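Thank you all for coming. Please have a look at the sequence and the model on the screen, and then I will take you through a few places in it.

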Amino acid sequence: MDKNKIIITQANHLGLTEVGFVRLPLPETLAATLHAAGEPSPFTPSDVTTRLDPAALLPGAQSVIVCLFPYRPASATAENAAEPPANLPEYARARDYHIIVQHYLTRLQTRLQAHFSDADFFSFVDTSPLPDRALAYLAGLGFFGWNKALINDRYGTHTMIGGLVTTLALAPSEPLQKTCLQCGRCRRFCPGQALTPERFIWPRCKSYITQKKGDLTAAEAAIIAKNHYIFGCDVCQEVCPHNTAAEPTPLPEFQNDRITHITAAEIACHSNRTFQAAYGDRAWAWRGKKILLRNAALLAESSAHRNDDNH
């Protein structure tokens, strides 16, 4: 059995069905693509050179093993229809995906080390400088929508990306020559109108604004108030037709121990210390309680205004 097949088999044993491979160095054209996307958000390293150098993370690196981690359970539709409506995005309802993905990558690395004892590995989730979505595209795991999300044929846009940089020389996967349906729904329904034909304007993205520290402008506050999410935003995924028939996740960690809604009262009753003790393993808690309470206040104010207008 060749190396790629061994890796796919071991990943499948862990429930990971979407696995692809990128041979290093990364294409020279990728630098131009990242530059053309415009200034990165504060959550992304600004140095493109750093983002395109996996060998800086693992000397002698020759390949990248890329895996998708689908996170939307079969119960998501019922949750979305529940009262009160979910105010946390789908990806943040289970335990922090960084923890879950890293757990799977550690297990996969242990399995691969048994087959390739001389090889080295470096695991990454989205906290590394690597361009995760570009790697997943190069690994043949999906194509891009107008909302800049990676679309996988099996799981739609509801996947996290992680993988292993390795010293193994692996045969590269073929990128998919596909595009999204280009229906334009993501652009029309985006609360901040952050999606344009030219680029993604991240300062207008509600998901970014809900995580932004400091005072907000009136325009930013208005964007937060446009839907019920207290953290993040799922609108462009909710309206995407590529998610209509997407399969649910087979990974139990994303199906269990879920929180779909958090109230201001539940947040405010905690000190900073007890808040982290209660919710520190949740992706939506990383900015702390102050930011969440700010967002909750804006949503409550907007709701009160709508109620006044209806009387």
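Let me begin with serine 63, which touches Val22, Arg23, Leu24, Leu164, Val165, Thr166, Leu168, Ala169 and Leu170, leaving aside residues up to four places away in sequence, where contact means heavy atoms within 4.5 Å. Before I go on, please keep in mind that this is a predicted model, in which local features need pLDDT of at least 70 and side-chain atom pairs count only at pLDDT 80 or more, while totals for chains, interfaces and linings use all residues. Residues are numbered from 1 along each chain as its sequence is written, and side-chain values use heavy atoms, with hydrogens and water left out.

Serine 63 belongs to strand S2, residues 63–70, and strands here are DSSP runs of E with at least two residues, just as helices are runs of H or I with at least four, both numbered from the N terminus. Is serine 63 buried or exposed? Serine 63 counts as buried because its relative accessibility is 0%, and buried means under 20% relative accessible area, with exposed over 50% and partly exposed in between, using a 1.4 Å probe and protein chains only.

Now to the aromatic rings. Rings of Phe, Tyr and Trp (its six-membered ring) pair if their centres lie within 6.5 Å, and planes under 30 degrees apart count as stacked, over 60 as edge-to-face and the rest as tilted. By this rule there are eight aromatic pairs. In one of them, the ring centres of phenylalanine 69 and tyrosine 104 are 6.2 Å apart and the planes stand at 55 degrees, so the pair is tilted. This pair links distant parts of the chain, since phenylalanine 69 is in strand S2 and tyrosine 104 in helix H5 (residues 97–115), 35 residues apart. Both phenylalanine 69 and tyrosine 104 are buried. For tyrosine 91 and tyrosine 97, the centres are 5.8 Å apart with planes at 75 degrees, so that pair is edge-to-face. Finally, Phe275, Tyr279 and Trp284 form one aromatic cluster.
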